[in-house]
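Hi,

Here is the structure I said I would pass on.

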Amino acid sequence: MPWPRRRNRQTSDETSESERLLFGGRLRYDMGFSRYEDAYLHLSLWAMARRLPRLVGSTVRLARAADRKALRTVAAAELGQGIGQAFGLVAVNDALAALLAEGTTADRLRQALPSLVVVGVVAVVAALLASASTAATGRLEPKVERLATERYLECAARVELSAIEDAEFHRLLDSAQYGASSARRMVKYCVRVVNGLLAVVAAAGVLTVLHPVLLPLLVLIALPRSWSALRIGTDRPALDKVSLTIPGGRVVALVGENGSGKSTLVKLLAGLHLPDSGRILWDGTDVTAADREQLFSRVAMVSQDFKRWPFTAKANVAIGSPQAPIRAESLDRAAAHAGAGELIAGLPHGWDTLLAREFRGGHQLSGGQWQRLGIARARYRTAPVLLVDEPTSALDARAELAVFEQIRALAGEGQTVVLITHRLASVRHADVIHVLHEGRLTESGSPQELLDKGGVYAELFHLQAGQYDLGGP
């Protein structure tokens, strides 16, 4: 069946009719803080290194003005931890040398005992110093925020009236008001930075004493970790060059490790997101040209974070198809499909039970019970395509098995099911499995074909299967 097309194809740079009607054009934030939104995503390692001394210096000056005693306590505690780490590394080295030396076990333990005692004492002292640092930091944070707020207000109060009436100045004030809370957070961040630097210095000193060749190894370990930490959250696409076909009336599984792009792909299929590049076709029609209401009417979705409305059980299920009249037989059929029939029957007022404990007469459901209602909501929608993202994460093993059997039965009724799950044993009856890894499609095939191939799917499958190996005969 061909998709109805829009009259005017809208690109990402065009303004929609609703935006033009409501706002007179594309709506963009013009607040001061919006200029710095996501600025951290563009920081490089070198840029961070250049800015760090200035940030630490300004934070230390604020902390000194707010509470000198607490600042001295933090400094002394952190320095003590750094020195303790150096002694601890030396003691560990001596203990290992004694334990790995020649001789009887008793002799080696006797030789290692003094070093082991030092290690224990250093650990206790480090814990005490860490507690002192945390307590002093807790005293500093609110005082620094209050002082930063006072300075912000003092500066704002001294400006001329012409500046107050200037829109650009208001944007500047809008940015500055976030400085007080940022200054408070910077106290904690600076303590972590100082602690990390002291740990690196202590390790470098000990390694230099033990053998100078070990020092470059420390650098080789630290630099890649620092670089990778700054690269997380970058503009790498969640999906890259993924091309696949989903046949109608089949169970299609998407599997892969966390962050592989499974949930993003499902949201693209549902039309919740539009692709930055490439195309998504439904029966040959590009989703960017398809009528949105028609697209949404074809899809039902059960996600991990589905909305738990503070309404009755009836409303929570019927909201899956809000434009259709509510029929008792449709509700009961959806509940039976999701294994929620006994749940509804056990509620104080059945379908009319309010599922919000904070209101009088309200009832509270467990996570697994809510998940059953979420599946019933998707079933009530009766859409041709069902997208299921981890539908049984809060269910017990028996309920999980029943839900997957019901999901598989939908394909026999002609419904297309796209299933995401980490539990690979649950997709062994899927018609097709697509394996995603770091945003790319790496494998496709039936469960047996992928097991025989010995790729990512087989590795993950055998890892999970190994957890149930009791080591029997």
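This is a predicted model: local features need pLDDT of at least 70, side-chain atom pairs count only at pLDDT 80 or more; totals for chains, interfaces and linings use all residues.

Residues are numbered from 1 along each chain as its sequence is written, and side-chain values use heavy atoms, with hydrogens and water left out.

Let's start with the sheet. It is open and has 6 strands in the order E4-E5-E6-E1-E7-E8, with mixed pairing. Helices (H or I, at least four residues) and strands (E, at least two) are DSSP runs numbered from the N terminus, and two strands pair if DSSP finds at least two bridges between them. The edges are E4 (299-302) and E8 (440-445); each has a single partner strand, so one side of each lacks a neighbour in the sheet. From one strand to the next, the twist averages 15°.

Val435 sits opposite Glu443 of E8, and His434 is opposite Ser444 of E8. The two strands make a hairpin with 2 residues between them, and Glu438 in the turn has a positive phi of about 55°.

Now the helices. H3 (residues 68-99) and H4 (residues 105-157) have axes that come within 8 Å and cross at roughly 160°. That makes H3 roughly antiparallel to H4. Axes here are lines fitted to C-alpha atoms, for helices over the stretch in contact, and angles run from 0 to 180 degrees between N-to-C directions. As for the wording, angles under 35 degrees count as roughly parallel, over 145 as roughly antiparallel, 65 to 115 as roughly perpendicular and the rest as oblique. The H3/H4 crossing is left-handed (the near helix is turned anticlockwise from the far one by less than a right angle; clockwise would be right-handed). Contact residues of H3 with H4 divide into 22 nonpolar, 9 polar and 4 charged. The classes are Ala, Val, Leu, Ile, Met, Phe, Trp, Tyr, Cys and Pro as nonpolar, Asp, Glu, Lys and Arg as charged, and the others, Gly among them, as polar.

For H11 (residues 328-337) and H13, the axes also come within 8 Å, crossing at roughly 130°. H11 and H13 are therefore oblique to each other, and their crossing is right-handed.

H13 (367-381) turns up again at the largest cavity, where H13 and E5 each give two or more residues to the lining. On a 1 Å grid over the protein atoms alone, a cavity is a set of points where a 1.4 Å probe fits but cannot get out, and a pocket is an open set with protein on both sides within 12 Å along at least five of seven lines; lining residues have an atom within 4 Å of a point. The largest cavity holds about 50 Å³ of space, with grid points joined across faces, edges and corners and volume taken as the space filled by probe spheres set on the points. Its lining is Val302, His337, Ile375, Ala378, Arg379, Leu386, Val388 and Ile407, and H13 gives the largest share, 3 residues.

Finally, the second largest pocket has a volume of about 1,000 Å³. Of its 33 lining residues, Leu265, Leu268, Leu269, Arg279 and Ile280 lie nearest the centre. H8 contributes the largest share of that lining, 4 residues.

Cheers
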